[in-house]
Amino acid sequence: MKIPLTFRFGLLTVLACTGLLLAFAQAPKRPTLFLIGDSTVRNTNAPQMGWGTRLPAFFDSTKIRIDNRAMAGRSTRTFVSEQRWRVVDSLLRPGDFLLLQFGHNEGSVPDTTKAGRRGVLRGTGEETKELTWPNGRRETVHTYGWYLRQFIRGAKARGATPVVASMIPRNQWQDGKVKRATEDFGRWAQEVARQENVAFIDLNQLTANKYDQLGPDAVAQLFAGDHTHTNEAGALINAASVVEGIRANGKIALNKYLVKK
C-alpha cells in the first residue's frame with residue numbers, strides 16, 4: 001500500500017521534532033556562578049562599579065552563567081536577616097558555584113541602631129549577642145566567621161561549590177603601602193575557608209599588591225567618590241584578581257569555564 005505523501009511528510013516532521021526535543025532534554029545545563037557580597041561586588045551607583053559586573057568577561061557564557069546577587073550596604077548579618085541568603089540558597093542546584101566576599105560593612109558594634117544594625121561579632125567563634133528591636137523582635141547576632149560558615153555549608157548541602165574571597169582593599173595607605181585586612185576580616189575569611197575545606201581567594205592581597213606597584217596617585221583614579229568604591233577601571237582590576245586567584249588553584253572547578261588568556 002502506498003503511503004500518502006502528506007502522511008510521510010507529517011511523520012518525518014514529528015520524528016524531527018521529537019529528535020530535537022530529546023537532544024534539548026539531554027543537553028547539559030549550564031551551571032550558575034552565584035555572587036554574594038556588598039557594593040564592592042555589585043554597585044549600580046554610577047560611576048561606581050563592583051567587580052562582579054566585570055567578572056563575566058573572563059568566563060565562557062556558553063558554558064556557565066553568572067548571577068550577581070550581591071547588594072550594596074549589606075553585611076553577612078543583614079544578608080541573612082533580610083532573607084537574601086534564603087533566596088540564593090533556594091536557587092542553588094547541584095553543579096553550581098557560590099563565590100562570596102564580605103567584610104566592608106561588618107565593622108560596627110552590633111546593636112539595633114542605624115549604625116550598628118550591620119555589625120557582627122569579631123572573629124570566627126561561636127560567641128553570640130542577643131538583641132531586642134524596638135518592635136519586640138529578637139535577634140541573635142553571631143561572629144563574622146559563623147555567618148560565612150552558614151553560606152558555605154548551605155551551598156555544600158545543595159551540591160554547589162563554595163569559594164571564599166577576602167574583601168577588596170580600600171584606597172587607604174600606611175608607610176607607602178595599601179592597608180591589608182590580614183589582621184581581621186581577611187584573616188578570618190581565610191581561617192573559615194581552611195576550616196571548612198573550601199577554596200580561598202586572597203583578593204585583598206592580590207589587588208593590594210597591584211595598588212602598591214601603581215602608587216597612590218594612580219590608585220586614586222580607580223575609585224569614585226570615596227576610598228571604598230571603585231569605578232569601572234577599578235572593578236576590572238579586582239575582577240582580574242579574582243580570576244588570578246582561580247587560576248592559581250587548579251582544584252577550583254571554575255577554571256574550566258574561564259576564557260583563554
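Modeller: Asp212 forms a salt bridge with Lys177, and their closest N and O atoms are 3.9 Å apart. A salt bridge here is a side-chain nitrogen of Lys or Arg within 4 Å of a carboxyl oxygen of Asp or Glu. Asp212 lies in helix H7 (residues 203–214) and Lys177 in strand E8 (residues 177–178), so the pair ties together parts that are 35 residues apart in sequence. Helices (H or I, at least four residues) and strands (E, at least two) are DSSP runs, numbered from the N terminus. Asp212 counts as buried because its relative accessibility is 19%, while Lys177, at 48%, counts as partly exposed. The cut-offs are under 20% relative accessible area for buried, over 50% for exposed, and partly exposed in between (1.4 Å probe, protein chains only).

This is a predicted model, in which local features need pLDDT of at least 70 and side-chain atom pairs count only at pLDDT 80 or more, whereas totals for chains, interfaces and linings use all residues. Residues are numbered from 1 along each chain as its sequence is written, and side-chain values use heavy atoms, with hydrogens and water left out.

Salt bridges that share partners also join Arg74, Glu82 and Arg84 into one network. A search of the whole structure finds 12 salt bridges.

Another of these pairs is Arg149 with Glu126, where the closest N and O atoms are 2.9 Å apart. Arg149 belongs to helix H5 and Glu126 to the loop between E3 and strand E4 (129–132), so this pair ties together parts 23 residues apart in sequence. Arg149 is buried, with a relative accessible area of 5%, but Glu126 is exposed, with 56%.

Glu232 forms a salt bridge with Arg54, and the closest N and O atoms are 3.3 Å apart. This pair links distant parts of the chain: Glu232 is in helix H9 (residues 232–248) and Arg54 in helix H2 (residues 51–54), 178 residues apart. Both ends count as partly exposed, Glu232 at 42% relative accessibility and Arg54 at 21%.
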